[in-house]
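Welcome! Let us walk through this structure together, beginning with the ligand and then turning to the space around it.

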Amino acid sequence: MEIIVLPTADVAVRAAAIVTEALGNARAGEAKASGTLGLATGSSPLGLYRELARAQGSGQLDLTRVHGFALDEYVGLPDGHPQSYREVLTREVCGPVGLDPANLHVPDGSGNRLDELVAAAAAYEDSIQELGGIDVQILGIGSNGHIGFNEPGSSLSSRTRVKRLSDRTRLDNARFFARPEDVPTHSVTQGLGTILEAQALVLVATGLAKAAAVAAAVEGPLTASCPASVLQWHARAWVVVDEAAATGLRNREYYAEAAAGLDG
Ligand code: GLP
């Protein structure tokens with residue numbers, strides 16, 4: 001795991017550079033490389049998406065053949081709801097970064113019955129496998145340490161499944177809805193085991209509100225109580241945070257030295 005602490009303005013730039021490089025390397029040897037990018041929602045990765053859009057605009061990056069896989073989707077929002085993650089990703093990612101909406105895969109949260117949602121979760125796992133797995137997974141972190149919608153207590157080997165949202169998460173996400181009670185109670189989310197199978201993980205976090213979660217994820221024990229701590233188990237994981245989000249880290253000096261490479 002590499003921990004990179006930067007001024008806020010540089011976080012998105014560095015994270016986008018890591019994503020671009022990892023995506024480029026992932027299938028470089030394949031004749032028809034298309035690549036798969038795991039997409040997080042929330043405000044944390046927006047700057048990273050803006051950077052990818054800038055790279056696309058200037059011809060440094062071409063995502064037109066890349067497939068995007070959402071981390072999660074709310075259960076029960078009507079088709080086309082502006083806060084459904086399919087809509088959010090179509091609006092905020094596909095258009096700007098040049099990812100074909102036909103190549104956007106999002107778990108289907110439209111089922112009314114549990115068996116429909118369970119089947120949708122299994123189909124989502126299959127769709128990831130069919131395209132050879134996820135090359136690079138972009139992640140944010142919830143203030144309670146969740147990734148995707150894997151709330152505290154999530155099995156470390158969980159697969160895509162229906163997950164109840166915690167009150168904390170619903171409160172955090174209420175800002176996107178007209179009324180707090182409009183926030184859905186459930187989601188279909190990639191599991192922690194699913195996320196761990198991505199070739200590379202890039203987590204971004206900014207702001208003081210994420211400091212405790214980042215410290216628990218990076219320097220706390222590997223535990224279901226902090227789902228983001230599974231990054232410690234992954235061989236190619238980057239955690240890119242700003243000074244405020246790094247406030248709780250004890251080993252910052254070492255991370256800075258390590259990030260300097262052999263010159264440091
Ligand atoms: C939601 C998403 C997560 C995201 C989290 C943090 O709960 N399901 O993938 O990481 O929000 O969001 P933000 O970046 O807006 O703080």
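An N or O atom in the side chain of R175 is 2.7 Å from an oxygen atom of the ligand, a polar contact in the sense of a pair of N or O atoms within 3.5 Å. The protein buries 94% of the 390 Å² that the ligand exposes when taken alone (accessible areas by the Shrake-Rupley method with a 1.4 Å probe). This is a predicted model, where local features need pLDDT of at least 70 and side-chain atom pairs count only at pLDDT 80 or more, while totals for chains, interfaces and linings use all residues. Residues are numbered from 1 along each chain as its sequence is written, and side-chain values use heavy atoms, with hydrogens and water left out.

Now step back to the surroundings. The ligand is surrounded by 15 residues, and S43, S44, D72, R175 and K210 are the closest (near means a heavy atom within 4 Å). This shell holds 8 polar, 4 nonpolar and 3 charged residues, where Asp, Glu, Lys and Arg count as charged, Ala, Val, Leu, Ile, Met, Phe, Trp, Tyr, Cys and Pro as nonpolar, and the others, Gly among them, as polar.

Key
A polar contact is a pair of N or O atoms within 3.5 Å; within protein, one must be able to donate a hydrogen and the other to accept it, and residues adjacent in sequence count only if both atoms are side-chain atoms.
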